[in-house]
Amino acid sequence: MIEGIQTGLVTAFSPLNLLMVLLGCFAGTLIGMLPGLGPVSAIALMIPITYSLEPSSALILIAGVYYGAIFGGSTSAILINAPGVSGAVATAFDGYPMARTGKAGKALAIAAYSSFAGGTIGAILLFLFVPVLAKWSLSFHSADYFALMLFGLTAVAAFSGRGQVLKALSMAVLGLMLSTVGEDPSGIQRFTLGITDLYDGIGFLLLSMATFALAEALISVLRPADDSAGGHPNASTGLGSLKLGRSDVREVVPAAGRSSILGFLVGILPGAGATIASFLAYGTERNLAPQAAKDQFGRGSVRGLAAPEAANNAASTGSFVPLLTLGIPGSATTAVMLGALVSYGVQPGPRLYIDSPAIFWSVIISMYVGNIVLLILNLPLIPYIARLLQVPRPYLIPLILFFSLMGVYLVSFNTFDLSLMVIVGCIALIVRLLEYPMAPMLLGFILGGMLEDNLRRALLISDGSFAFLWDRPITATIMALTVLSLLVPVFHSLFRD
Amino acid sequence: MRQLDDKTRIGALLLLAFTAVYALLARRIPVDALDDGSGMTSQSLPFGLVALSVVLATIQLVKPNADRRPFLADHRALAWRPVAFLVLLMVIYAITFPWLGFVVSSVLFLWLAFFGLGAATVWRCGVVSLLFVGALWALLTQVFGLYLDPGALMAWAGSVRT
């Protein structure tokens, strides 16, 4: 193992490979900032370019692009409330309110530091526990996944304001309903109204862009006075200071630490990934926060921004455990990475760790080098990136609308999605004016498909009996946590008055 | 009427209406004749969600609401006209995109949107949108190698010329 790590270090720190990671991070950040082009598209776009490189350099370039694209996605979520990738949705909850109140620089800096913390803690855990964790991830059954998805759904309580738990739950159910559009696990079409473009269901990006970016842009036109509300001189257009105060550091460090561990553990589970990790981390941090800090969530809480950022990066690192040790891609991004690795002649799987430790460790080390370079590269660039907010409103709003529409088109290349997006955006505008929270709807939508899939499989294994919910200790524990975290806020909401 | 003008109640009524339509469509889902042994059909989850949604919406309708927030009175004075203008532009963009293609429809969308929101003079808005879309087109097609639809009319014009 030590020899493998040494070889990995030598490979990752050669001048050519350092240049590759630098270029990768820069290109990844630029691509990731464009709505619709997330890490998956960024890596896919880079694969043809990497064919002319040595496999190790190619992998390092891809590692840089990967982390760069994740950071780029968070940047657009914070600055213009356009989370181009699902992992950045929770980042927008507090990142965007911070940007609106003149703290865009601080929000971007917290995102960069927290991502770095997530990547670092993830890498350390990866070094220490790779063989054990690979075994643990395989011990998860459909029943456990179903319980985990339900537990993820209880995070809706975290996205609801005071006395809004019922509204949040309704929106989560609405999201689950929307997730049933399209082909079900047995291949039957549901709610497609005979429209072939709906056979694959509603796209996540379409829904997130329409409900966040598009609706937000329209609301800012509807209420022009709100953009300068708050009386802050830098409100909505300024960068503000990049420096974190002592109180900020005191809030960010423990939140990032906890969320990194949680994110890493969730990331190991194939299929769970960065999105669930970021939502769970956000919900957990809100539940742990004292009442005064809890009220700040959704209004620019430093903890609320650090938690999902650390968790999604740690989960990205964690997702390499099943990929490298079992050859199982746990997410779309790692599936593309698997394709790239195979095309370079590297076959991930149980034998890789034993037969080719040098390759195994150089991939992991290059991922981490990408993380470091990203921090060094992007912190000085923050003032320039945040200038996006200084574009005058009559230019900025049409550009946000245009990027949202284009982002959705670039994913599907289907013009039907453009029309659907306008319809969803208009409905989202009304729903937001009615003061119903949108985040629970997205969470329900993300988890809906996986929830139904795992429920069916679990029922099939248990011959249609719901006893699977308490048969295994791990399922029973997650279910107990789910019931607890669901009942407490509901009772609180019902009997508060 | 005043009792009904409440954001929570209007929201709950809209959710109930959506749920009713969803339930009607759920009844039309064909049920797989082959039982896979799970006891679940394609209708199971949708009907479960309908029940849940009805319960949640009803509680919101029935529950006494001390913090009543009027909807109609709150939003009558807002700037609906520019919003309607932008929505109309987006609809036109979605309709014309397959015909005019990425470049022409995008330039027209941005041009009209910039001008409509009062960014600058009509010519300046046109130049800005042309330069912006041109740069983006070059980045996406020449650097990233993505295919952007030139549009049916452009393709037709090209075939006529050849």
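Q: How many residues of chain A are said to be in contact with chain B, and what makes a contact?
A: Two residues are in contact if their C-beta atoms, placed from the backbone, lie within 7 Å. By that rule, 46 residues of chain A are in contact with 51 residues of chain B. Helices H8 (165-179), H9 (204-222), H18 (393-412), H19 (415-433) and H20 (439-461) of chain A each give two or more residues to this side. The model is predicted: local features need pLDDT of at least 70, side-chain atom pairs count only at pLDDT 80 or more, and totals for chains, interfaces and linings use all residues. Residues are numbered from 1 along each chain as its sequence is written, while chains are lettered from A and ligands numbered from 1 in the order in which they are written.

Q: Why is H5(A) called largely enclosed?
A: A residue is buried if 20 or more other C-beta atoms lie within 10 Å of its own, exposed if 12 or fewer, and partly exposed in between, with C-beta atoms placed from the backbone. In H5(A), 12 of the 12 residues are buried, so the helix is largely enclosed by the rest of the structure. Among them are A:Phe93, A:Asp94 and A:Arg100.

Q: What covers the buried residues of H19(A)?
A: The cover includes H9 and H18 of chain A and helix H4 (80-116) of chain B. A:Asp417 and A:Leu418 are among the buried residues.

Note on methods
Helix = DSSP H or I, 4+ residues; strand = E, 2+ residues; numbered from the N terminus.
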